[in-house]
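Here's a quick walk through one protein model, a few spots at a time. Have the sequence and the 3D view open as you read.

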Amino acid sequence: MEVRTNEGLRRDVGFFGLLWISAGTTLGSGWLFGAFVALTIAGPAALISWVIASLFMVPLALVYAELGAMFPESGGPGRFAHHAFGSLAGATFGWFSYVQAATIAPIEVLAAIEYLSTNSWAHGLYNSGSGTLSPSGFIVAVVLMGAFVTLNLRGIRLLARTNSAITVFKLVVPFLTAVALILAAFHLQNFTAAGGFFVHGDAGSTQSILSAIAAGGIAFALTGFEGALQVGGESTHPERDLPRAVVGAFLGCTVIYLMVQVAFIGGLPPSLLSHYSSWTGLATDPQLSRAPFFALAGLVGMAWLAWTMRVDAVVSPSGTGLLYLTGASRLSFGLSRDGYVPKLFLVEDERTDVPLWGVIMAALLGLLFLLPFPSWNKLVSVATGAVVLMYAGAPLALGSLRRTRPELARPYRLPGARLLAPASFVFATFVAYWSGWQTISTLMLALL
């Protein structure tokens, strides 16, 4: 018998579907670019940046696990503040949730096209000098977003099955890449080359390590663990499955990201480091800056890995972009139920019960973000700022609900919440601060 929620959506997603959704939204273009960009900012000390970000993200993931199990509803992460504080906080944090979801889909599309442009027949899609899409590249972006819309409108069951196959591929490729580079082309001396492990001295290294968390794409790479909660209203057993999916996906993807960073540092040819003499200088390399792992595979003579990179560089970001379009449509569905956006976003496709206009509007808004923020780094900064501001609302909601709604069922209860919830709030605001004034001012305009 078909089971529906009181929202009118179908409960068709099991545990592994949820797990692959959270893993799929966490593991996207961050692994393709994050290791390189963070390395050019902090040198090998970028490893410390990954560890710091991971340690601070763990309590955030646990906060979301408790809230997601309490409120298993579509667009849940955008509604936690509404449940705790009412309309003002609900509208504010809900909109930040929507902005981050709507911006990440075009980020993944941009990453896919950038890697695709390493093919001789696709050079004209991307301008490496300015970091922008060409007119033909923008047309390809429209086609990709159109494909995301089509898959979303076919229904959540097909989407979950398609994503499960894509995510398995997405997990295997970076793991295989890290292992292959470590076994076949690893240079331990790289960790002390080109200025040493701490390339900017004691004081400068601290600043660069913290900057790499936001500007280097590390915080961006580790976000997305809440992806399963976006479709919480379509989960078969939400109270049992949502917490396990969120925490399990985060821990698994974090291990892969750390492996990839170690492999990238050790896999670079020492002669290349001697040529640029500094880690910062690597940012000017035209091949590495466009497609880091593809270029590295070519430098170490691993043609099979380079070919794999080209395939994964399209599949991996596309899979993540597909899921964030799903998440954005569910967020607008939830915001509409709370009265913050027009009731139009509650309209569902008659055949599949998918939020029709939510999917279409998220795709259109995503394409607009490719115009003022054409490069991967710029889009990542805005998305990171939006996502950590969204994250900042969750521990506040948890603390409030513990006091005001103690009677609510909590299938998962965060231990040590009095310490971990405030700590996760502080970390989220730190990442927002490290993102810089340009990012914060842009988000203020988006909020208005």
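Where is the place of isoleucine 113? Isoleucine 113 sits in helix 5, which covers residues 87-116. Helices (H or I, at least four residues) and strands (E, at least two) are DSSP runs, numbered from the N terminus.

Before going further, a word on the model. It is predicted, so to speak of local features takes a pLDDT of at least 70 and side-chain atom pairs count only at pLDDT 80 or more, while totals for chains, interfaces and linings use all residues. Residues are numbered from 1 along each chain as its sequence is written, and side-chain values use heavy atoms, with hydrogens and water left out.

Buried means under 20% relative accessible area, exposed over 50%, and partly exposed in between (1.4 Å probe, protein chains only).

| Residue | Relative accessibility | Class |
|---|---|---|
| Isoleucine 113 | 1% | buried |
| Threonine 26 | 2% | buried |
| Valine 172 | 45% | partly exposed |

**Around helix 5**

Helix 5 has 30 residues and runs 44 Å from its first C-alpha to its last, close to the expected 44 Å (that is 1.5 Å times one less than its number of residues). Of those 30 residues, 24 are buried, so helix 5 is largely enclosed by the rest of the structure. Contact here means heavy atoms within 4.5 Å. Leaving out neighbours within four places in sequence, isoleucine 113 is in contact with Leu125, Leu133, Gly137, Val140, Ala141 and Leu144.

**Threonine 26**

Threonine 26 belongs to helix 1 (residues 15-26). Setting aside residues up to four places away in sequence, threonine 26 touches several others, including Ala221, Gly224, Cys253 and Tyr257. Phe225 is on that list too, and the backbone nitrogen of phenylalanine 225 lies 3.2 Å from a polar side-chain atom of threonine 26.

Val168, Val172, Leu176 and Trp304 make a nonpolar surface patch of about 350 Å². Helix 7 (residues 156-184) gives the largest share, 3 residues, and valine 172 is in helix 7.

**The whole protein**

The protein has 19 helices and 2 strands. Buried residues make up 60% of its 448 residues.

How values were computed
Polar contact = N/O pair within 3.5 Å; in protein donor to acceptor, adjacent residues only side chain to side chain. Patch = residues over 30% accessible without salt bridge, like charges linked within 9 Å, V, L, I, M, F, W, Y side chains within 5 Å. Areas by Shrake-Rupley, 256 points an atom, 1.4 Å probe, with all protein chains shown as cover. Salt bridge = Lys/Arg side-chain N within 4 Å of Asp/Glu carboxyl O.
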